[in-house]
Amino acid sequence: MRKVVLLFGLWSLLSLSHAQLTDRAEPEGEEEVVDLFTTPRTKLAAATSDFGYNLFRQLAARDPKASVFLSPMSISTAFTQLSMGASERAEKQIYRALRYHTLQDSQLHDTLRDLLSSLRATTKGFKSAERILLARKLRLKLEYLNSVENQYGVRPQTLAGGARDLKTVNDWFKQQTGGKVEQVVPSPLSRKTAVLPVGAASFNGKWITRFSKGNKMENFQRDGEAPTLIPMMEQENYPVKMGIDPDLGCTIAQVPMEDGVSMYFFLTDEVTQNLTLIEEALTAEFVQDLSNTLHAVQVLLTLPVIKLSYRTDLLPSLSDLGLSEWLAETDLIKITSQPVKLNGVQHKVVMETAPEGAEYASTTPTAKGQSLALTYRVDRPFLFLVRDEPSGALLFIGKVLNPSDLKRV
Ligand SMILES: *[C@@H]1O[C@H](CO)[C@@H](O)[C@H](O)[C@H]1NC(C)=O
C-alpha cells in the first residue's frame with residue numbers, strides 16, 4: 001500500500017528529472033538490489049530494524065516534544081547477551097520483542113556476531129559496545145559469563161558494590177568506543193543494582209563528498225518558537241537519492257556515506273514537531289523499498305553541522321514493547337538462581353556530522369544538473385536514519401526537533 005503511494009509521488013519528481021536529466025549519464029555499475037529477507041544476516045538486520053522502529057515509536061510517544069536518538073543495533077545486542085542467561089520461556093519473550101521469533105535461525109548468535117563485526121569496520125564510522133553488569137553478590141553462574149565472553153568477546157562485568165564500579169564501567173565503554181562515548185552511566189550505581197544491561201554507540205561516518213562550505217551560522221526553524229542559529233554546511237551537486245511522499249507530507253533524501261552507509265532524512269513540508277505520520281510508517285520493509293525506489297539526483301545539499309549526544313534509561317519503554325510480563329519475572333536462571341529484577345537499561349549515543357568527506361567534489365559541472373537547481377535543506381525539525389545498505393541494519397534512528405536538545409550529556 002505505502003509503496004504504491006510512494007511510487008506515485010515519486011513519479012512527478014521522476015518525470016521532472018527525466019525531462020531535464022536525460023543526457024546525464026547514470027553512474028556505471030548500478031548498485032545490487034539487496035533483498036532484505038533472504039540471508040540469515042539480512043533477516044536478522046531487518047528484525048533488529050523493526051525492533052528499533054518499535055522502540056523509537058514508544059520513546060517518541062512518551063514525550064512528543066522531545067528529541068530522541070537511539071542505536072537499535074546496540075540495544076538489541078545488549079538484550080541478546082542478556083537472553084543467553086534466560087529460561088526458555090523468558091528467552092521467547094525477549095526474542096519476541098527483538099523480533100527474532102520470525103527468524104528460525106539456529107545459528108542466531110553467530111549470525112549476530114558476524115553482522116556486528118562487519119558493521120564495526122572502521123571505514124563505516126560505527127562503534128558500539130555492550131555489556132551486562134551484574135552484582136557479584138548474586139552468586140553468578142560461571143557458565144553464563146564464559147559463554148557470553150566466548151560468543152561476543154565481552155565478559156559481563158561483575159560489580160563489587162562500591163564507588164569504584166562507576167569508573168570501571170565508564171572507562172571500559174570509553175575505551176571500547178575509541179574515546180567517543182563518555183559517562184555512559186551518569187551517576188554512581190546503587191548498591192541494590194543487580195542486573196543492568198548497557199549499550200553505547202557512536203557514529204562519525206564520512207560523507208562521500210566533502211562539504212565545501214562548512215560552519216556558517218544559519219536559522220533552524222522551530223515549531224511555534226523563534227528560530228535558533230546553528231552551524232550549517234553546504235555542497236553543490238551532492239549525489240543523493242530523493243523522493244516526495246505526499247501521504248507522509250515529506251521529502252525523503254538518502255545521502256550516501258562511505259563504505260555502504262546511508263543517512264536518510266525525512267523532512268516535512270511544514271515546520272512541525274509532529275512527525276507522527278512518518279514515525280508510524282517506518283518498518284524495515286518500507287525503508288528497503290525506499291532505497292530501491294528513490295531517484296538518483298544531484299542537489300544543493302544543506303545539512304546542520306551537529307554533535308548529537310543522548311542518554312536514556314530504556315526500562316520504562318520496555319513494557320510498551322510487550323515485555324511487562326517478563327519484567328515481572330525475568331527468569332534469568334542461567335545467570336543466577338536468585339530471583340532478580342532489571343535495574344535499568346542504560347543507553348548512550350553520540351554522533352558528529354562534520355563537513356569532512358572521503359574526497360573533494362568533482363570540479364567538472366554536470367551540464368544539465370546545474371540548471372535543475374534542486375535543493376535539499378535540512379533547516380527544520382527532521383527525522384533521520386543511519387543504515388548499512390549491504391545488510392539493511394539500522395545503526396541509528398533519531399528525531400531532531402531542536403538541535404540544542406541533543407547537546408553533550
Ligand atoms: C499529529 O499528527 C497526527 C497525524 O496527522 C494527528 O493525528 C495528531 O493528532 C497530531 N498530534 C498533535 C499533538 O497535534
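In the predicted model, Leu-133 touches Gln-157, Leu-159, Val-169, Thr-193, Leu-196 and Val-198, with residues up to four places away in sequence left out of the count. Leu-133 belongs to strand S2, which covers residues 126–135. The residue counts as buried because 22 C-beta neighbours lie inside 10 Å, where 20 or more are required.

At the level of the whole protein, the secondary structure comprises 12 helices and 16 strands. Buried residues account for 41% of the 409 residues. Of the contacts between residues at least 6 apart in sequence, 77% join residues at least 24 apart.

The largest nonpolar core contains 102 residues, of which Leu-70, Ile-252, Phe-265, Leu-395 and Phe-396 touch the most other members. Helix H2 makes the greatest contribution to this core, with 9 residues. Because domain 1 (2–14 + 205–307 + 354–406) and domain 2 (40–204 + 309–351) both supply residues, the core lies between them. For Leu-395, the contacts beyond four places in sequence are with Ser-71, Met-73, Leu-119, Phe-126, Phe-203, Val-386, Arg-387 and Asp-388.

Two packed helices are described by the angle between their axes and the distance between the axes. Helix H2 (residues 40–62) packs on helix H5 (residues 108–119) at an angle of about 85°, the axes being 10 Å apart. The two helices are therefore roughly perpendicular, a description that applies to angles of 65 to 115 degrees. On the H2 side, the contact is made by Pro-40, Arg-41, Leu-44 and Ala-45, and on the H5 side by Thr-111, Leu-112, Asp-114 and Leu-115. By residue class, the contact of H2 with H5 consists of 5 nonpolar, 1 polar and 2 charged residues.

The residues of the contact of H2 with H3 divide into 5 nonpolar and 4 polar, with no charged residue.

Backbone geometry was then considered at two loop positions. Arg-99, which is not a glycine, has a positive phi of about 70°. This arginine is located in the loop between helix H4 (88–97) and H5. Arg-99 counts as buried because 22 C-beta neighbours lie inside 10 Å. Gln-183, likewise a residue other than glycine, has a positive phi near 55°. Gln-183 is found in the loop between helix H7 (164–176) and strand S4 (195–203). With 17 other C-beta atoms within 10 Å, Gln-183 is partly exposed, since this count falls between the limits of 12 or fewer for exposed residues and 20 or more for buried ones.

Note on methods: Residues are numbered from 1 along each chain as its sequence is written. This is a predicted model: local features need pLDDT of at least 70, side-chain atom pairs count only at pLDDT 80 or more; totals for chains, interfaces and linings use all residues. Helices (H or I, at least four residues) and strands (E, at least two) are DSSP runs, numbered from the N terminus. Two residues are in contact if their C-beta atoms, placed from the backbone, lie within 7 Å. Axes are lines fitted to C-alpha atoms, for helices over the stretch in contact, and angles run from 0 to 180 degrees between N-to-C directions. Angles under 35 degrees count as roughly parallel, over 145 as roughly antiparallel, 65 to 115 as roughly perpendicular and the rest as oblique. Ala, Val, Leu, Ile, Met, Phe, Trp, Tyr, Cys and Pro count as nonpolar, Asp, Glu, Lys and Arg as charged, and the others, Gly among them, as polar. A nonpolar core is a set of buried Ala, Val, Leu, Ile, Met, Phe, Trp, Tyr and Cys residues joined through C-beta atoms within 7 Å. Domain bounds come from an automatic or database domain assignment.
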